[in-house]
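Here's a quick briefing to read with the structure open beside you. Take a look at the model first, then work through the points below.

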Amino acid sequence: MDVSVTSRCPGLYCGRLLVNGSVEGECGVCPRGERANQEKVCERCDESPELYDWLYLGFMAMLPLVLHWFFIERFSGKKSSSALLQHVTAALECSVSALVTLLLTEPVGLLSIRSCRVQMLSDWYTMLYNPSPDYVHTLHCTQEAVYPLYTIVLIYYAFCLVMMMLLRPLLVKKIACGLGKSDRFRSIYAALYFFPILAVLQAVGGGLLYYAFPYIILVLSLVTLAVYMSVSKIQSFKTLVAKKKRLVVLFSHWLLHAYAIISISLLDKLEVALPLLALVPGPTLFYIATAKFTEPSRILSEGSSGP
């Protein structure tokens with residue numbers, strides 16, 4: 001395509017519109033779904049997201065589900081059947097929300113999206129890079145240069161909130177009869193707090209999370225697994241397999257370990273880092289092997305019996 005431009009637009013994200021093969025208009029913001037190319041001409045984004053992009057979206061989709069499960073487990077009381085149904089409902093809410101979000105994102109009606117390739121951290125914060133050619137007037141070129149990775153997460157959270165308000169109150173009212181009227185809805189109240197927090201987190205720190213989420217998953221999954229095993233007093237394989245719930249928690253954390261390792265390896269070479277997946281059970285084996293040496297009661301008894 002032969003495009004002649006007399007003067008290049010200033011800034012990183014300003015561009016001119018391309019109409020019927022010719023450049024028209026003044027420098028400005030590109031329409032949604034487009035971004036300025038090297039010639040500073042607005043170009044439609046028709047690329048498919050990379051695997052790393054999908055892993056990022058998966059991480060952001062997991063956050064409300066994990067928080068749902070955490071607060072359901074905390075506030076559901078002793079009725080395991082009630083908690084299980086709420087867990088399943090929360091998973092259904094997030095799954096349907098993700099499905100609807102994908103179907104409504106261009107191309108509409110398909111379980112695929114077109115996106116603009118993320119090139120650098122500034123792509124997430126274009127509002128900070130509006131140029132001032134004459135140092136007086138600012139040329140506003142704020143746009144979603146990472147389309148649709150920025151807004152699709154916010155849309156997904158909105159659908160999650162709507163689905164929760166449609167399904168969960170009726171379910172909780174039916175199955176959580178053993179709890180008080182105020183206690184049975186506490187997991188829903190918690191969601192009304194953490195959804196705005198997640199939205200602000202995505203709006204402000206989306207770019208930082210995009211590059212840091214593999215390390216966040218790895219560190220948090222290791223810490224939470226160690227805390228869970230400590231609180232549950234798991235010091236041997238026998239106590240680990242004594243309850244099915246403990247195995248579910250263990251395998252869930254192993255999946256998060258693997259998810260983080262794959263995400264980190266995509267920044268380099270996936271095929272080289274795949275053998276690292278064999279290290280997924282490592283932290284669990286290390287904890288069980290060393291737990292008996294760090295038992296507080298043993299340390300106190302040895303200290304009191306010392307000279």
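Which residues make a nonpolar surface patch of about 470 Å²? In this predicted model, the patch is made by Leu 12, Met 120, Met 127, Leu 128 and Tyr 129. The structure also holds eight salt bridges, and a few of them are picked out below.

**Surface patch**
- Met 127, one of the patch residues, sits in the loop between helix H2 (80-104) and helix H3 (151-175).
- With 40% relative accessibility, Met 127 counts as partly exposed.

**Salt bridges**
- Glu 47 pairs up with Arg 117, with the closest N and O atoms 3.3 Å apart.
- Glu 47 is in the loop between E4 and helix H1 (51-75) and Arg 117 is in the loop between H2 and H3, so this pair ties together parts that are 70 residues apart in sequence.
- Glu 93 and Arg 168 meet in another salt bridge, at 2.9 Å from N to O.
- That pair links helix H2 (Glu 93) to helix H3 (Arg 168), 75 residues apart, and both residues are buried.
- Glu 106 bridges to Arg 114, with the closest N and O atoms 2.6 Å apart.
- Arg 114 is buried at 8% relative accessible area, while Glu 106 is partly exposed at 32%.
- Shared partners join Glu 47, Glu 50 and Arg 117 into one salt-bridge network.

**A buried threonine**
- Thr 284 belongs to helix H8 (residues 282-291) and counts as buried at 1% relative accessibility.
- Leaving out residues up to four places away in sequence, Thr 284 touches Leu 225, Met 229, Leu 240, Leu 250 and Trp 254.

**Second largest pocket**
- The second largest pocket has a volume of about 340 Å³.
- Its lining counts 17 residues, with Arg 35, Ala 36, Asn 37, Gln 38 and Gln 119 nearest the centre.
- Strand E3 (34-36) and strand E4 (42-44) are the elements that give two or more residues to that lining.

Terms used: Residues are numbered from 1 along each chain as its sequence is written. This is a predicted model: local features need pLDDT of at least 70, side-chain atom pairs count only at pLDDT 80 or more; totals for chains, interfaces and linings use all residues. Side-chain values use heavy atoms; hydrogens and water are left out. Patches are made of residues with over 30% relative accessible area and no salt bridge: like charges are joined within 9 Å, nonpolar side chains (Val, Leu, Ile, Met, Phe, Trp, Tyr) within 5 Å. Accessible areas come from the Shrake-Rupley method with a 1.4 Å probe; for residues, only the protein chains shown count as cover. A salt bridge is a side-chain nitrogen of Lys or Arg within 4 Å of a carboxyl oxygen of Asp or Glu. Helices (H or I, at least four residues) and strands (E, at least two) are DSSP runs, numbered from the N terminus. Buried means under 20% relative accessible area, exposed over 50%, partly exposed in between (1.4 Å probe, protein chains only). Contact means heavy atoms within 4.5 Å. On a 1 Å grid over the protein atoms alone, a cavity is a set of points where a 1.4 Å probe fits but cannot get out, and a pocket is an open set with protein on both sides within 12 Å along at least five of seven lines; lining residues have an atom within 4 Å of a point. Grid points are joined across faces, edges and corners, and a volume is the space filled by probe spheres set on the points.
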